[in-house]
Amino acid sequence: MDSTAFEQLVVEALDSLPDDFAHLLDNVEVLVSRRPSREQRRSLGLKPWQTLYGLYDGVPLTERTSAMLAPPDTIVIFQDALVRDFRSASELREQVRRTVLHEIAHAFGISDERLHELGAY
């Protein structure tokens with residue numbers, strides 16, 4: 001899948017967000033990258049065989065204060081791993097959406113542990 005078609009899947013996932021949530025993401029930039037950088041993998045402590053579909057980097061809304069000046073948060077969706085692991089168009093579309101929502105949950109301050117409790121994994 002080429003990068004334009006993949007990026008469209010990410011846009012579709014973002015466009016599906018209810019307006020009540022979407023407007024809270026004004027300070028979040030969503031990017032697509034082929035794969036995580038060496039620095040990203042190292043900072044997360046990932047082993048060579050471990051896969052990463054997305055990454056949130058920033059200060060969650062639950063930790064912000066009105067006096068805080070913060071650069072835009074970023075969410076990066078990693079194309080290569082998703083395309084490799086989800087071969088059918090429908091599976092890929094669903095997993096891209098799930099990954100985008102997962103990273104947005106982190107922007108709202110929801111931890112991986114809480115996502116597990118909610119059955120979001």
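A residue is counted as buried when its relative accessible area is under 20%, as exposed when that area is over 50%, and as partly exposed in between. In this predicted model, L24 has a relative accessibility of 39% and therefore counts as partly exposed. L24 is located in the loop that runs between α2 (19-22) and β1 (28-33). Together with F21 and L61, L24 makes up a nonpolar surface patch of about 250 Å².

Nonpolar residues are also found in the interior. In soluble globular proteins, nonpolar side chains tend to be buried together. The largest nonpolar core comprises 18 residues, among which F6 and V96 touch the most other members. Two or more residues of this core are supplied by each of α1 (3-15), β3 (73-78) and α5 (89-107). The most is given by α5, which contributes five residues. When neighbours within four places in sequence are set aside, the contacts of F6 are M1, V32, I77, F78, Q79, L82, V83, L92 and V96.

A polar atom of the H106 side chain lies 2.8 Å from the backbone oxygen of I110. Beyond residues up to four places away in sequence, H106 touches Y56, P60, S111, D112 and L115.

Definitions and conventions: Residues numbered from 1 in each chain as written. Predicted model: local features only at pLDDT ≥ 70, side-chain atom pairs only at ≥ 80, totals over all residues. Heavy atoms only, no water. Core = buried A, V, L, I, M, F, W, Y, C linked by side-chain atoms within 4.5 Å. Buried < 20%, exposed > 50% of the residue type's maximum accessible area, 1.4 Å probe, protein only. Helix = DSSP H or I, 4+ residues; strand = E, 2+ residues; numbered from the N terminus. Contact = heavy atoms within 4.5 Å. Polar contact = N/O pair within 3.5 Å; in protein donor to acceptor, adjacent residues only side chain to side chain. Patch = residues over 30% accessible without salt bridge, like charges linked within 9 Å, V, L, I, M, F, W, Y side chains within 5 Å. Areas by Shrake-Rupley, 256 points an atom, 1.4 Å probe, with all protein chains shown as cover. Salt bridge = Lys/Arg side-chain N within 4 Å of Asp/Glu carboxyl O.
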